[in-house]
Amino acid sequence: MTMSKTFAVIFSVVSLVPLCFAASGGGYLYPQFYDHSCPKAREIVKSIVAKAVAKETRMAASLLRLHFHDCFVKGCDASVLLDSSGSIISEKQSNPNRNSARGFEVIDEIKAALEKECPQTVSCADILALAARDSTALAGGPSWVVPLGRRDSLGASLSGSNNNIPAPNNTLPTIITKFKLQGLNLADLVALSGSGHTIGRSRCTSFRQRLYNQTGNGLADSTLEVAYASQLRSRCPRSGGDNNLFPLDLVSPTKFDNYYYKNIMASKGLLNSDQVLFTKSEKTMALVKLYAENNQLFLEQFVESMIKMGNISPLTGARGQIRKNCRKVNS
């Protein structure tokens, strides 16, 4: 039996096991959490996400990214959605999120619909988890059963957002450490990097140093394919154009697939944090090759990693609250 077939068999068996995760704080996450309290919750989230993605394809990547940026800071508790007020300094002002994180209005629309259907029942944190799943499926990626029951935080962490979320110019050891601190391993790192960057776009300011001065010697990154670098420079000058957008996957920018890994193997990873997966570690290089060759294996690992990420330090039981408005704590 080949490795991929073995993995598929294991995955299909695992998928039959009820998804019930013990969470810190003595509660559990499980898919049926709202079956009685808000049976239409999943349907409401899915319909509004579908409408938003139909209106703007890029929104799928934006909603997936919001869940990622939420979970890496204080756990999956919707802290990323809070606006600044009183003692709260919003994570929206952090370097990874400022002028970059988006999709908040879609979350607002979902929350308003859910409050109308079943007041103060469905958490903003669970909305993010469901919206990430629905966005992935709408972009042509896999779907999965989302464990639910997260509650919303009473605060935010600007420093956590600045320090915990992997940055485009981070070294591979730094990225590995940031994932490890969240309980995520190398397979999670490579699969989640692929999922986050197979769809969506990035700003010129996120990769400019690769085009002009990667190591401080005034030269472009030698691991960046020459013709691709020239193409990028035409719209990403040395100064100005900071917010010019570029597809993270130049081959299939709106489709959820494994071209991200094929691009990296061809030295066409847009961000430094993409390309180092292939150039700085034999272990991550092997995973990049594996996912480039086997799309099904990538999709299966991605689902496993998304469920694992969605279980990072959720608030359950009596901890946190169910916000009425995702942008502010209840008064």
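Predicted model: local features only at pLDDT ≥ 70, side-chain atom pairs only at ≥ 80, totals over all residues.
Computed along the chain in residues, Asn-294 and Ser-79 stand 215 residues apart in sequence, and in space their C-alpha atoms are 36 Å apart.

On the side of α13 the contact involves Leu-290, Tyr-291 and Glu-293, and on the side of α14 it involves Asn-295, Leu-297, Phe-298 and Gln-301. Sorted by class, the residues in this contact of α13 with α14 are four nonpolar, two polar and one charged.

## Helix α3 and the residue His-69

Helix α3 spans residues 59-71, and His-69 has its place there. In an unreviewed entry, UniProt lists His-69 under "active site", so this label comes from the record. In the model, His-69 is buried, with a relative accessible area of 5%. If residues up to four places away in sequence are set aside, His-69 touches Pro-96, Asn-97 and Ile-165.

## How α3 packs against α4

Two packed helices are described by the angle between their axes and the distance between the axes. For α3 and α4, the axes come within 10 Å and cross at roughly 80°, and the two helices are therefore roughly perpendicular to each other, a description that applies to angles from 65 to 115 degrees. The residues that make this contact are Met-59, Leu-63 and Leu-66 of α3, together with Phe-104, Val-106 and Ile-107 of α4. By class, the contact of α3 with α4 has six nonpolar residues, with no polar and no charged ones.

The loop between α3 and α4 is the place of Lys-74. The phi angle of Lys-74 is near 65°, which is a positive value in a residue other than glycine. Lys-74 is partly exposed, with a relative accessible area of 39%.

## How α4 packs against α5

Helix α4, made of residues 104-117, and helix α5, made of residues 124-138, pack at an angle of about 120°, and their axes are 11 Å apart. These two helices are therefore oblique to each other, and their crossing is right-handed. In the contact, Ile-107, Ile-110, Lys-111 and Leu-114 in α4 meet Cys-124, Ile-127, Leu-128 and Ala-131 in α5. By class, the contact of α4 with α5 has seven nonpolar residues, no polar residues and one charged residue. Ile-107 is listed in this contact and is also among the residues of α4 that make the contact with α3.

## The loop between α4 and α5

Pro-119 has its place in the loop between α4 and α5, and Gln-120 is found in that loop as well. With 56% relative accessibility, Pro-119 counts as exposed, while Gln-120, at 38% relative accessibility, counts as partly exposed. Gln-120 is not a glycine, although its phi is positive, at about 45°. The C-alpha atoms of Pro-119 and Phe-104 are separated by 20 Å, and the two residues are 15 residues apart along the chain.

Asn-163 is found in helix α6, which runs over residues 158-164. Asn-163 is exposed, with a relative accessible area of 52%. Between Asn-163 and Ile-322 there are 159 residues of separation in sequence, and their C-alpha atoms are 27 Å apart in space.

His-197 lies in helix α8, which covers residues 186-197. UniProt, again in an unreviewed entry, lists His-197 for "binding site". Leaving out residues up to four places away in sequence, His-197 touches Leu-248, Asp-249, Tyr-260, Leu-271 and Asp-274.

How values were computed: Residues numbered from 1 in each chain as written. Heavy atoms only, no water. Axes fitted to C-alpha atoms, helices over the stretch in contact; angles between N-to-C directions. Helix = DSSP H or I, 4+ residues; strand = E, 2+ residues; numbered from the N terminus. Parallel < 35°, antiparallel > 145°, perpendicular 65-115°, else oblique. Left-handed = near helix turned anticlockwise from the far one by under 90°. Contact = heavy atoms within 4.5 Å. Nonpolar A, V, L, I, M, F, W, Y, C, P; charged D, E, K, R; others polar. Buried < 20%, exposed > 50% of the residue type's maximum accessible area, 1.4 Å probe, protein only.
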